[in-house]
Amino acid sequence: MLAATRATTPAKAAAPSPSRISEEPSTRGDQKHLESFVKSYYSNVTKDTDRTWDQLSPRMQSFARGREGYDAFWKTIGKARVNQVRAYASGTKASVDLTFTRKDGSTSTETHQLTFVTHDGDYLIDSDRLG
């Protein structure tokens, strides 16, 4: 409801501090950019964990049990396929339907709720929860 209120009252949307505005892009172009970021992350995560590790915020890196835990998890996954991604207008959240194919051949389909922060003009994944 808050997002709808912001969309219909431009004066209130301009009220947050400039840093808050830069962290919460709200245009459709920003939603597309976030969706593209998510697709790219999951396309690369099983091939280049050096690159994708740097796309996590320090909070998410800690949640992943550090670099060792992160690498250990992704070494078990052969492929991560994004079935659907929906970025929210705030530019700080996305819902992602994923299919993981493990190296043993088993698969699982999951929905993840991701949150993001911005850093140096790009996104970092800040949290990841099932649901």
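Q: What makes the pair formed by the side chains of Asp126 and Ser57 a polar contact?
A: The side chains of Asp126 and Ser57 come to 2.6 Å. A polar contact is a pair of N or O atoms within 3.5 Å; within protein, one must be able to donate a hydrogen and the other to accept it, and residues adjacent in sequence count only if both atoms are side-chain atoms. The 2.6 Å of this pair therefore meets the distance limit. This is a predicted model, in which local features need pLDDT of at least 70 and side-chain atom pairs count only at pLDDT 80 or more, while totals for chains, interfaces and linings use all residues. Residues are numbered from 1 along each chain as its sequence is written, and side-chain values use heavy atoms, with hydrogens and water left out.

Q: Why is Asp126 called buried?
A: Asp126 has a relative accessible area of 13%. Buried means under 20%, exposed over 50%, and partly exposed in between (1.4 Å probe, protein chains only), so Asp126 is buried.

Q: Where is Asp126, and which residues does it touch?
A: Asp126 is found in strand S4, residues 122–130; helices (H or I, at least four residues) and strands (E, at least two) are DSSP runs, numbered from the N terminus. Contact means heavy atoms within 4.5 Å. Leaving out residues up to four places away in sequence, Asp126 touches Ser57, Arg59, Met60, Thr115, Phe116 and Val117.

Q: How do you know whether Gln55 is buried or exposed?
A: The relative accessible area of Gln55 is 13%, so Gln55 is buried. Gln55 is placed in the loop between H5 and H6. Beyond residues up to four places away in sequence, Gln55 touches Phe37, Tyr41, Tyr123, Leu124 and Ile125. Gln55 and Asp126 are 71 residues apart in sequence, with 9.2 Å from C-alpha to C-alpha.

Q: What makes Gln61 count as buried, and what does its side chain reach?
A: Gln61, in helix H6, has 18% relative accessibility and therefore counts as buried. Its side chain reaches the backbone oxygen of Trp53 at 3.0 Å. Apart from neighbours within four places in sequence, Gln61 is in contact with Trp53, Leu56 and Gly66.

Q: Why does Ser95 count as buried?
A: Ser95 lies in strand S2, and its relative accessibility is 15%, so Ser95 counts as buried. The side chain of Ser95 makes a polar contact with that of Gln113 at 3.2 Å. Among the residues that Ser95 touches, not counting those up to four places away in sequence, are Gln84, Thr111 and Gln113.

Q: What makes Arg65 and Asp120 exposed?
A: Arg65 has a relative accessible area of 64%, so it is exposed. Asp120 reaches 72% relative accessibility and therefore counts as exposed. Arg65 lies in the loop between H6 and H7, and Asp120 in the loop between S3 and S4. Arg65 has a positive phi of about 65° although it is not a glycine; phi of Asp120 is near 50°, also positive in a residue other than glycine.

Q: How do you know how the span of H4 stands against the expected span?
A: The expected span of a helix is 1.5 Å times one less than its number of residues. H4 has 17 residues and reaches 24 Å from its first C-alpha to its last, close to the 24 Å expected. Buried residues of H4 include Leu34, Phe37 and Tyr41, and what covers its buried residues includes H7 and S4.
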